[in-house]
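The following exercises concern the structure shown below.

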Amino acid sequence: MERGGGVDNPAFVPCSPGPKRAPRPDPAGAAGAASAGAAEVRSSRSSRSSRSSRSSRSSRSQWEEGPCGWGRFSPAPLQLCNNPRGYLLHYSLLALVQGIVVNGLVNISISTIEKRYELNSSLTGLVSSSYDIAFCVLSLFVSFYGERGHKPRWLAFSSFMIGLGSLVFCLPHFTTGAYEYGSKFEDTCPAPVNSSSQNKCSGSITSSLSNYLYVFVLGQLLLGVGGTPLYTLGTAFIDDSVAVHKSSLYIGIGYAMSILGPAIGYVLGGQLLTLNIDINRSTRTDINEDDPRWLGAWWIGFLLSWMLAWSLIVPFSCFPKHLPGTAMIQAAKVSQTHQDKSITVVSDENFGESFKDFPVALLILLKNPVFMCLIISTTSEALITTGFATFLPKFIENQFGKSSSTAATLGGLVLIPGAALGQVMGGAIASKSKMNCQNVMKFALASSAVSLLLSFVFLFAKCGNEPFAGVSEAYNGTGKLGKLEAPCNANCSCLRSFYYPVCGKDDVQYFSPCMAGCTKQITSNHQRMYYNCSCIGEADPVLEMAGNKAYEAKTGKCETKCKNLPIFLGFFFFTVVFTFMAATPITVAVLRCVPDKQRSFALGVQFVFLRLLGTIPGPILFGAAIDSSCTLWDLNNCGVRGACWIYDNTKMAYMLIGISAACKVITLCFNGLALFVYRPPPEKDNTEAS
């Protein structure tokens, strides 16, 4: 509005209307005020721009992105891997190698190592648990200090330690002489000439070979050191580098590869055990795999794993501290942290840089109710999964009358593909549906409920015991139940420590050919057959037709009349799938419910509880439950009880369903409790990021 050549400046219009107008300034004053106002606007914009620039620089400083390479040397071909998919490829390969060694080769080689280095089962149990001991001791410290560090370089260190542990584990083979397999043991009646010396009770004789126990323990400790950064810092780096809705898929793929590792380890180790243990030496042997004295080349798999692990050191060392685009991804993420008083403590920029913050950081996580509920939930599931991973083959072997190798194969075909499929499906569904923390916990709760219902398959697929001479059946009308000795084998001096079951023509199983009173044997189509067996009854006339002889017993257990195996395997497969479908979403929920600065540390704390309360006591609890159903124990010449030979199948099934159902109810309760106590950020700040 113009009036007398002047211009009204809106800045001088009063805020509230009134009957009088404010005095009109002169043109010079108006121009000066306009100039000052423009300067103030420019200053404000400059200040905002400066703050935005500082914020951007601070973000870039926090998320140090860079090329793939070493210093100034960053070849263009390496940049093809400088993305989340390239990292996931190498992470999956390392998880695969770790699974092959720790959960595959070590487990399948334990029995061979026991025989070769004269170790008892309690000592080899120490070897198996050494990995968990190292993991528990280091997990908290590695995850705490590594959170702000260069995570890919930590994984390069992990590759080095896994390779070194594999190398150390197989060193005893190269520092000992050739294997001496001794004289052949006869399993028929009458007993061999040296049976008196075999039956004689002798005190424990310590061999120098048993000192290699410490080398095996050292190897497992090194493997535990290498596994710690892999599943704490490595997983957190995936979550740093991808969008929220993709994180579950990437983590699911990585975890699935760690599950496939044991399957490859078992297959590879099983094939290598068909090779002679001294294949690298110019020695000849006259025994084959059917001979109890046979030992396979257990050490070759560890050498291969050593080379594979060390081949990943260079790729991990060339990754930058953060992948390109990480700062933008982090800026787009919306916090889903459980809201409590600890948020103000963790928000300090310097929090976590000093060891003094370690107790406070640990206390913050332990006082987070959502985090602790999720930990108890996963610990309960881990107890079941490790228990079944250890004893499922034994359950199949005894319930359905399968050989040890067949039972192990069937158990692997159910557990490994089911677990891998569940991990990938759980991650893919959570990723595709773009679930937030609350919905992820609901999905895990539903999956756990379905797996609980399916686990009752044990009640319907159990089988009764087949006739066993001396245990559930008398020896052709002679002898007493509960005793393997009878008048028909009294003169055979059979060993109770040598369990080599045979099936008689009367469809009764016998402890060994010696206990069946068999005096002769033949081999036909790679199977031993026995005749002239006094405990089975009168021998049939020996027929010689086309070079074959009639037999009264053959090696192996009698075929079971129970036909529930396909039903059991089918239902148990889906139980495993739904159990592991909840695993990846729970991991994602753990990463979401804690402050961003504590994600790696949270995984470290989770794995400590997982080991101490899940994977370590799981096999012990399952083993105790299975042992409680034993009906025939091994007794050595000194009367010391050893392994169990025969179990009460019905009691075993009820014991396993009891443990499984109890643990899954605990899982359901704490999953539901975590969902109930979870308090997300205010709704206006909790909109989902694309």
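The secondary structure of the protein comprises 22 helices and 9 strands, where helices (H or I, at least four residues) and strands (E, at least two) are DSSP runs numbered from the N terminus. The model is predicted: local features need pLDDT of at least 70, side-chain atom pairs count only at pLDDT 80 or more, and totals for chains, interfaces and linings use all residues. Residues are numbered from 1 along each chain as its sequence is written, and side-chain values use heavy atoms, with hydrogens and water left out.

**Exercise 1. Overall burial and contacts**

Task: State what percentage of the residues of the protein count as buried, and what share of the contacts with a separation of 6 or more comes from residues 24 or more positions apart.

Solution. Step 1: buried means under 20% relative accessible area, exposed over 50%, and partly exposed in between (1.4 Å probe, protein chains only). By this criterion, 49% of the 690 residues are buried. Step 2: a contact means heavy atoms within 4.5 Å. Among contacts with a separation of 6 or more, 79% join residues 24 or more positions apart.

**Exercise 2. Helix 14 against helix 21**

Task: Classify the orientation of helix 14 and helix 21, and describe their contact.

Solution. Step 1: axes are lines fitted to C-alpha atoms, for helices over the stretch in contact, and angles run from 0 to 180 degrees between N-to-C directions. Helix 14 (residues 369-400) packs against helix 21 at an angle of about 45 degrees, and the axes are 7 Å apart.

Step 1: angles under 35 degrees count as roughly parallel, over 145 as roughly antiparallel, 65 to 115 as roughly perpendicular and the rest as oblique. Helix 14 and helix 21 are therefore oblique to each other.

Step 2: the contact involves Leu-383, Ile-384, Thr-386, Gly-387, Phe-388, Thr-390, Phe-391 and Lys-394 from helix 14, together with Gly-618, Pro-619, Leu-621, Phe-622, Gly-623 and Ile-626 from helix 21. By class, the contact of helix 14 with helix 21 has 8 nonpolar, 5 polar and 1 charged residues; Ala, Val, Leu, Ile, Met, Phe, Trp, Tyr, Cys and Pro count as nonpolar, Asp, Glu, Lys and Arg as charged, and the others, Gly among them, as polar.

Step 3: in helix 21 (residues 617-627), the buried residues are Gly-618, Phe-622, Gly-623, Ala-625 and Ile-626. These residues lie on the same side of helix 21 because they cover an arc of only 160 degrees around the axis, the arc being that of the directions from the helix axis to the C-beta atoms.

**Exercise 3. Helix 18 and its two partners**

Solution. Phe-443, Ser-447, Val-450, Ser-451 and Leu-454 of helix 16 meet Phe-571, Phe-574, Thr-575, Phe-578, Thr-579 and Met-581 of helix 18. This contact of helix 16 with helix 18 divides into 7 nonpolar, 4 polar and no charged residues.

Step 1: helix 18 (residues 565-581) and helix 19 (residues 583-593) have axes that come within 4 Å and cross at roughly 10 degrees. Thr-579, Phe-580 and Met-581 of helix 18 make the contact with Ala-583, Thr-584 and Pro-585 of helix 19.

**Exercise 4. Two buried side chains**

Solution. Step 1: Glu-381, in helix 14, is buried because its relative accessible area is 12%. Not counting residues up to four places away in sequence, Glu-381 touches Thr-579, Lys-664 and Thr-667.

Step 1: Gln-606, in helix 20 (residues 599-615), is buried because its relative accessible area is 5%. Leaving aside neighbours within four places in sequence, Gln-606 is in contact with Phe-371, Ile-375, Thr-378 and Val-590.

**Exercise 5. Positive phi values**

Task: Where do Lys-434 and Asn-532 lie, and what is the phi of each?

Solution. Step 1: Lys-434 lies in the loop between helix 15 (404-432) and helix 16 (437-454). Phi of Lys-434 is near 50 degrees, a positive value in a residue other than glycine.

Step 1: Asn-532 belongs to strand 6 (residues 527-533). Its phi is near 60 degrees, again positive in a residue other than glycine.
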